[in-house]
Every structure is written in C-alpha cells, then in structure tokens.
Amino acid sequence: VGKRNTWIGMILVHPELRRQGIANAMMQHCVKYAIEQGKVINGLDATPMGNTVYGAVGYVDSFRIWRSWFDPSQFNNASFDSARISRVTTDDLDELIRYDSARWLERENIIRALFTDSAEEAYISRNGNGEIEGYVLARPGRLRYFIGPFVADDESVARSLLTCTCQS
C-alpha cells in the first residue's frame, strides 16, 4: 500500500478445501512477509467468514467497508456541480495523494496503480479556493466497473462525484 503500510486484501479458500488450516497458513505467511519487509499491516479486508481467520491471529473489527452493486442509470437525470469536478490528470496526482493520505493513510503506490487503471474514469472535486474536496477512481472489472477509492469531505461532494462518474 505505501512505503511502510500494507493491507491484506482477502484470503480466499475454495469451499471444498476450507477448514484444513489453509487460510491460517496463508495469513501467517502474509504477516511474516510484511514483517520481513518492514511493513505495518494497517488493515485487513475480510468477508464475514474470513473474520474468523483474522480473529484467530488477534485482529479485531475496526470498521466496515461498504460494498454494493447499483444500477448507474439511476443517476442519468441527476445534476452535479460540473464547475467543481474535472478528470484527474497526472498533474493532480501528487496533490490527490497528499489529500488521500491526510484522510486515510499513506498509500501512494496503490493510488498511483489504481489511477493508471482508472485514468479515463478518475474525477476530482475542488472547492472555490481550488483545494481538493474529494475524488473518485473507477476502473473496469470483469462484469462491471469498480468504484473506489472514493473519498469526499461531505455528502454533497460525494453525490456530485458519484453522479459524474455514473453519467460518464
């Protein structure tokens, strides 16, 4: 994720192979590898079933990540503040990374990689002073677009960014 921070995405085991210690062994390997690399594991992304694996090695829930599917056409007739929103350019990227770090944690490497995947569907919102007040990265997936990271200072900025992205 960053220079000293890392994140474990998900440890997935085929249903027929569960309850054999595979997930635990994978988790132990991830933790060992992170320590050897001098990283701090700042987060774990788990399904409810996966929480048992993480809990067994001492991790506890801190917050939930919201994942959902929605039909983007519901935003077709919605309006957004187009004067504040523009596509993210490479010139915006360093400032966007600083903004993201101040609100989350240092994850420059992943933001840069996701921006590369999202270049045509990356939007930034700036307030009247030209300061970043939110951004969203969207990238194609196997079946539909993924939206995220998605960070906004308030609900109106979030709505505008999401509406712009869905209309695009």
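Helices (H or I, at least four residues) and strands (E, at least two) are DSSP runs, numbered from the N terminus. The structure examined here is a predicted model, in which local features need pLDDT of at least 70 and side-chain atom pairs count only at pLDDT 80 or more, while totals for chains, interfaces and linings use all residues. Residues are numbered from 1 along each chain as its sequence is written, and side-chain values use heavy atoms, with hydrogens and water left out.

The protein has five helices and six strands. Along the sequence these elements follow the pattern β-α-β-α-β-α-α-β-β-β-α. Taken along the principal axes, the box filled by the C-alpha atoms is roughly 55 × 35 × 25 Å. Of the 168 residues in the protein, 33% are buried. Here buried means under 20% relative accessible area, exposed means over 50%, and partly exposed lies in between (1.4 Å probe, protein chains only).

Strand pairing was examined next. Two strands pair if DSSP finds at least two bridges between them. Strand 1 (residues 5-8) and strand 2 (residues 40-44) run parallel and are joined by four bridges. T6 has I41 in strand 2 as its bridge partner. Between strand 1 and strand 2 the chain passes through helix 1 (residues 22-36), giving a β-α-β crossover that is right-handed. A crossover is called right-handed if, with the strands pointing away from the viewer, the path from the first strand over the helix to the second runs clockwise.

The loop between strand 1 and helix 1 contains R19. This residue has a positive phi of about 65°, although R19 is not a glycine. R19 counts as exposed, at 84% relative accessibility. The peptide bond from G148 to P149 is cis, with omega near 0°.

Charged side chains were then considered. Side chains of opposite charge can pair when their charged atoms come close. A salt bridge is defined as a side-chain nitrogen of Lys or Arg within 4 Å of a carboxyl oxygen of Asp or Glu. The whole structure holds 10 salt bridges. One of them joins the side chains of E155 and R159, at 2.7 Å from N to O. Because E155 and R159 are four residues apart in helix 5 (residues 155-167), about one helical turn separates them. Both E155 and R159 are exposed. Salt bridges with shared partners also link D81, R84 and E133 into one network. Within this group, the salt bridge between the side chains of R84 and D81 has an N to O distance of 3.8 Å. R84 is partly exposed, with 32% relative accessibility, and D81 is partly exposed as well, with a relative accessible area of 35%.

The side chains of D100 and R107 meet at 2.7 Å, N to O. Both residues, R107 and D100, are buried; for D100 the relative accessible area is 1%. The side chains of D100 and R107 also make a polar contact, at 2.7 Å. A polar contact is a pair of N or O atoms within 3.5 Å; within protein, one must be able to donate a hydrogen and the other to accept it, and residues adjacent in sequence count only if both atoms are side-chain atoms.

Aromatic rings were compared by a separate rule. Rings of Phe, Tyr and Trp (its six-membered ring) pair if their centres lie within 6.5 Å; planes under 30 degrees apart count as stacked, over 60 as edge-to-face and the rest as tilted. The count comes to one aromatic pair. This pair is formed by Y99 and Y135 and is edge-to-face, with 6.2 Å from centre to centre and 80° between the planes. Y99 lies in helix 3 (residues 93-103) and Y135 in strand 5 (residues 132-140), so the pair ties together parts that are 36 residues apart in sequence. Both Y99 and Y135 are buried.

Cysteines were the last group examined. A disulfide is a pair of cysteine sulfur atoms within 2.5 Å, and the count of disulfides is zero. C166 is found in helix 5 and is buried, with a relative accessible area of 14%. The closest cysteine sulfur to that of C166 belongs to C164 and is 9.3 Å away, too far for a bond. C166 and F75 are 91 residues apart along the chain, yet their C-alpha atoms are separated by 6.3 Å. C30 counts as partly exposed, at 28% relative accessibility.
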